[in-house]
Amino acid sequence: MGIKWHKFALKTVVLGLIAFLVFGPLSSVILWSIAIKWYWPHVWPQEIGLAYWKQALGLQRDWAIAAVSIWEAFRNSMIIAFIATCTTMGLAIPAAYALARFKLPIKPLFLLLFLMPKVFPQQPIFVNLLPSFTRWGLAGTLPGVIIIHILVCLLFGIWITTSAFKAIPESLEEAAWSVGATKWQTFWHILMPLAAPGLLVSTIFVFVTSLTEFTGTFFIGLPFITTLPMLLYSASGYNMQFASVLALVLLVPSLLFMVLTERIFRPEYLGAVGR
Amino acid sequence: MRSGQSEGKKERGGASALLPFLLLLPAVTFVLFLYLYPLVASIIRSFTVSGESYSLANYSKAWALYKRDIIFTIEVAILGTLLSTVLGIALACYVRLSRSFVARFVNSVSRLAIFLPYVIVGQMMRSFLAPHGFLNVMLANIGIVDLNSPIQFFNIKGLLLGFLWKEVPFISFLLLSALQVINDCYLEAARSVGAKTRHVVMHILIPMIKPAIMIAGVLTFCTIVSTFTLPYMLVTESPTMVTVDIAHRVTYFRDYGVANALGVVLYLLATPMAVYYLRRTVREAIYGY
């Protein structure tokens, strides 16, 4: 009986500790986003309110609160993510179809090329693109940042789309060919509808990756292009409340992605997410 | 590959043999120009000083200035990978073996961490681990910490916590999918001859998912080595990670030579892991094993 009780106590303490380490950072951000006044050694905020949320969402302007409206950064992020996602999928779908359905003599080379960015650091790439982008007049511009986002998103797009295509048995397409359908008809009327859930995962994932991209935008976009992650970074140096509001705003797309794709997301889709 | 072979016969000869290459052309061109070219350029530039002579000057300067940071990066990467792999295995096995409400809850909550970008994790850790942040104040409240000399977390401790916070769920998610495939009858057979939970974990579950564990560990190592966001936001003292040094070198000094030498150091750190991962993944994609 004594041993059992000990075991139970130990289990509770360990689980409690883990829960604190897991939820602590999250609750800390939530509390800071509604804290108007929070000085140590107080465990909880002394004064709470939605002033920083209102200011960030542009519902009020109060010079006493150091927060700017997030709408400009939000608009930038949305424009970049939308164009980057469309272009990425436009490049990724044909490439993924070729990788999933054709036998190519130098296929390992293509696979290698698309896999390398996943395991090798990408930061030196951005650093070395900066001089070229400056020469081409792309540094610090929206098109420059969009190109960088496509680069970051493309490999995820290609990999998730390839596994989405591969998951569809080829016999279905062969059946269509055998009754006289052309390649194009088969692709459009058989493969695409069947692979739609996987393509949806791919598209949303690429969109969220672009929305939360940090490193590439940091080197190519700053100081002229402000996206939500850039705004979060610059706020986190001086304004804990505003930065926390931004972190929670930026958390929404990831949360939505998780909920939306709960059933259709597969482990092989995962790369190094949100690096 | 089953599908590839049947395709090959039909496609032999004719203009349609070119089709897959045409389909790949835009994506490959994009990656060649904007990934492979700067990659090669970064290696070449790391050996050039003031645009002409080839030398190792950048490397000796990088080593002289950032030796501590290079060692620190290796430390964080190894420690972070080992800790998150062990904890990831524990979490995955717990979720696999336990049918309780807690296990299912932990599983679905930990999935959120996978999809959060490091910029949010960085901000969360910044507010949570600050000298007078949530954690220190909590610990002070139960009498463990004196707030006049709080625990400093903006160093290797905070960095490891931040990496673990995101990588443990990632590893667990990868492993759990491998664990779900294992038939319950193995576990029941072991239990019927008296195996305890730890025996089941050590002698059945872990050996059966060993390839998945290797892949998860390799990906985690590469992520830790190449992540810029978290150390940049979190670490305020020296030593810091090499990625932060690269950014400093470029944004403050426009010193691309040393920055690229540091970049090559990061490539070299990632290479053994990357080669393992690339070989396995490509082989799996081509031959299916």
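Predicted model: local features only at pLDDT ≥ 70, side-chain atom pairs only at ≥ 80, totals over all residues.

Helix H10 (residues 228-236) of chain A and helix H11 (residues 240-260) of chain A pack with their axes 8 Å apart, at an angle of about 155 degrees. Because angles over 145 degrees count as roughly antiparallel, H10(A) is described as roughly antiparallel to H11(A). The crossing of H10(A) past H11(A) is left-handed.

Which residues of H10(A) and H11(A) meet? From H10(A) come Leu228(A), Pro229(A), Leu231(A), Leu232(A), Ala235(A) and Ser236(A). They meet Phe242(A), Ala243(A), Leu246(A), Ala247(A) and Leu250(A) of H11(A). The residues of this contact comprise 10 nonpolar and 1 polar, with no charged.

Let us turn to chain B. There, helix H9 (residues 197-208) and helix H10 (residues 210-226) pack at about 65 degrees, and their axes lie 5 Å apart. On the H9(B) side, Ile206(B), Pro207(B) and Met208(B) take part, meeting Lys210(B), Pro211(B) and Ile213(B) of H10(B). This contact of H9(B) with H10(B) divides into 5 nonpolar residues, no polar and 1 charged.

Finally, I return to chain A and to helix H8 (residues 183-211). A straight helix of 29 residues would span 42 Å, yet the end C-alpha atoms of H8(A) are only 35 Å apart. Where does H8(A) bend? The bend, of about 60 degrees, is at Ala196(A). A proline, Pro197(A), follows within four residues.

Thank you for your attention.

Notes: Residues numbered from 1 in each chain as written. Chains lettered and ligands numbered in written order. Heavy atoms only, no water. Helix = DSSP H or I, 4+ residues; strand = E, 2+ residues; numbered from the N terminus. Expected span 1.5 Å × (residues − 1). Bend = angle between axes of the 7 residues up to and from the residue. Axes fitted to C-alpha atoms, helices over the stretch in contact; angles between N-to-C directions. Parallel < 35°, antiparallel > 145°, perpendicular 65-115°, else oblique. Left-handed = near helix turned anticlockwise from the far one by under 90°. Contact = heavy atoms within 4.5 Å. Nonpolar A, V, L, I, M, F, W, Y, C, P; charged D, E, K, R; others polar.
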